[in-house]
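Reader: Hi! Could you walk me through this one, starting with how the chains meet and then the aromatics?
Author: Happy to, here it is.

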Amino acid sequence: MRLLVHLLCALPLLWLGGLAALDRLGANPVEAAIRFSGDWALRILILALAVTPLRQFAKLSVLASYRRMLGLWGFAYAVLHLLGYVVLDQFFDWANIGHEIIKHKFITAGMAAFALLAPLAATSTQGMIKRMGGQAWRRLHRAVYLAVPLAALHYIWMVKAGWKQPATYMAIALLLLLSRWVYALRR
Amino acid sequence: MLIRRPDPIKPSEITPRSAYLSRRQLIAGAAAWGMLPAGAALAGAFPNLRKSDYKVDEALTSQKDVTHYNNFYEFGLDKEDPSANAPGRLKTRPWTIEVGGECAKPGTIDIDSFLKDNTIEERIYRHRCVEAWSMVIPWAGVPLGEVLKRFEPNSNAKYVAFETLMNPAQMPGQRSGEFTWPYREGLRIDEAMHPLALLAVGLYGETLPEQNGAPIRLVVPWKYGFKGIKSIVRITFTPTQPRTLWNIYAPREYGFYSNVNPAVDHPRWSQAKEHRIGEFGRRPTLPFNGYADQVASLYSGMDLKQYF
């Protein structure tokens, strides 16, 4: 079962690699690859956010072990997304990247989301949980509640038009956060 | 603030209808008497396609990319949507353009007569999308000003308004309430009369594909691509600045002028550089998309940060 989830999460990556190898990414392959990895980062992170509510409301406690896996896969796509921007789109033009982070709010939001996710990925091992202590670790990892809506906001601010799809991601993310709050109130 | 505008087109500068009609007779007569090369009439979509001096010495963007990566929101939001959805859906015959408003001789343009009666010339222009990608495209068309003059715009004609076909059955994107359909665009009269402004009916020597705005579209190479309204059915000379679809949608982001300007960023992204389709990395964007020598004088005295 764990292998299946890994495979499912790897599928978009294999698909992207296949399209790139066959030169089927269209007229603007760099943009296509960046959008594709960004889409999947957001989708998988939202799935990771869905684990706890499903466990709480549907009593699917078996899901708990997939939360870290999904979070890390989502982060992996976010890394690809960021690398695509820094390497393929900007070609390490750090001055311009810095300028864009300050000047353009969709880049600011995306970078902030990534900055929030990176320490979570770094502290995702059992060893780190032990070393930090459960309580501190949990507190730190609540950053994901901010990171995913920021990623959705990054998408909403990026599109020229067609806000419905990014707004749908945002709505789902907020619903999943709301459900945690509802659950906490009911207890 | 005082804005100095170039003088309006003098009535004396407008070619009288009789003059161009006799010009056409001459050409038709020449063809009839075999004075034009016989093979020319058979070649391609545009017999007698004339190469023009309006060209840039930059590598052309491939025909595949020009026809398979573009925006035409009437057929979907993704850049692969127009080529997937427009052919077969958009009916380009019969097709007429209603021309009216502030002019002495309102009338209609029938696309087939238009193609027969005009010398179609090939012009290689840079194309810069507001999304910061660009292409180099060999268009086939007729200078817009030449066409507009025939309708004898009067002195109240300060602007020219354009409208795309409104037909949600053919253009499913028009069912979305996100935009105020139909697509509308506009130019100031001096911009419209500028020799660079082109009514395009083809690209790469072939009939304009549906996804690129068949059968006839506007090309204004010094402005962002969205000013180049597609599948035009109405042209109106107006005394006031016409409303445009993108300006209605987001007035802070898309001004009426929308001249290519690396110094004025889109509120949400940079316009300093562009990704030329088919190349790697980004190249700097040029003021007026590289046509500053020809068009900058149209805007002398204007604050281009205010009139973006």
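Author: First a term: buried area is the accessible area (1.4 Å probe) that two parts lose on being put together, summed over both. This is a predicted model, in which local features need pLDDT of at least 70 and side-chain atom pairs count only at pLDDT 80 or more, while totals for chains, interfaces and linings use all residues. Residues are numbered from 1 along each chain as its sequence is written, chains are lettered from A and ligands numbered from 1 in the order in which they are written, and side-chain values use heavy atoms, leaving out hydrogens and water.

Reader: Thanks! What area do chain B and chain A bury between them?
Author: About 1,900 Å², with 50% of it on carbon and sulfur atoms. In contacts (heavy atoms within 4.5 Å), 25 residues of chain B touch 23 residues of chain A.

Reader: And how many salt bridges are there between chain B and chain A?
Author: Four, taking a side-chain nitrogen of Lys or Arg within 4 Å of a carboxyl oxygen of Asp or Glu. One of the salt bridges joins Lys103(A) and Asp265(B), at 3.2 Å from N to O.

Reader: Which elements of chain B give two or more residues to the side that touches chain A?
Author: Those are α7 and β12 (273–276). Helices (H or I, at least four residues) and strands (E, at least two) are DSSP runs, numbered from the N terminus.

Reader: Where do Trp246(B) and Tyr249(B) sit?
Author: In helix α7 (residues 245–249) of chain B; being three residues apart, they are separated by about one helical turn. Trp246(B) is buried at 3% relative accessibility, whereas Tyr249(B) is partly exposed at 26%. Buried means under 20% relative accessible area, exposed over 50%, partly exposed in between (1.4 Å probe, protein chains only).

Reader: How are the rings of Phe288(B) and Tyr299(B) arranged?
Author: They are stacked, since their planes are at 10 degrees, with centres 5.5 Å apart. Phe288(B) lies in the loop between β13 (283–284) and α8 (292–295) of chain B and Tyr299(B) in the segment after α8, so the pair ties together parts eleven residues apart in sequence. Both Phe288(B) and Tyr299(B) are buried.

Note on methods:
Phe/Tyr/Trp six-rings, centres within 6.5 Å; stacked < 30°, edge-to-face > 60°.
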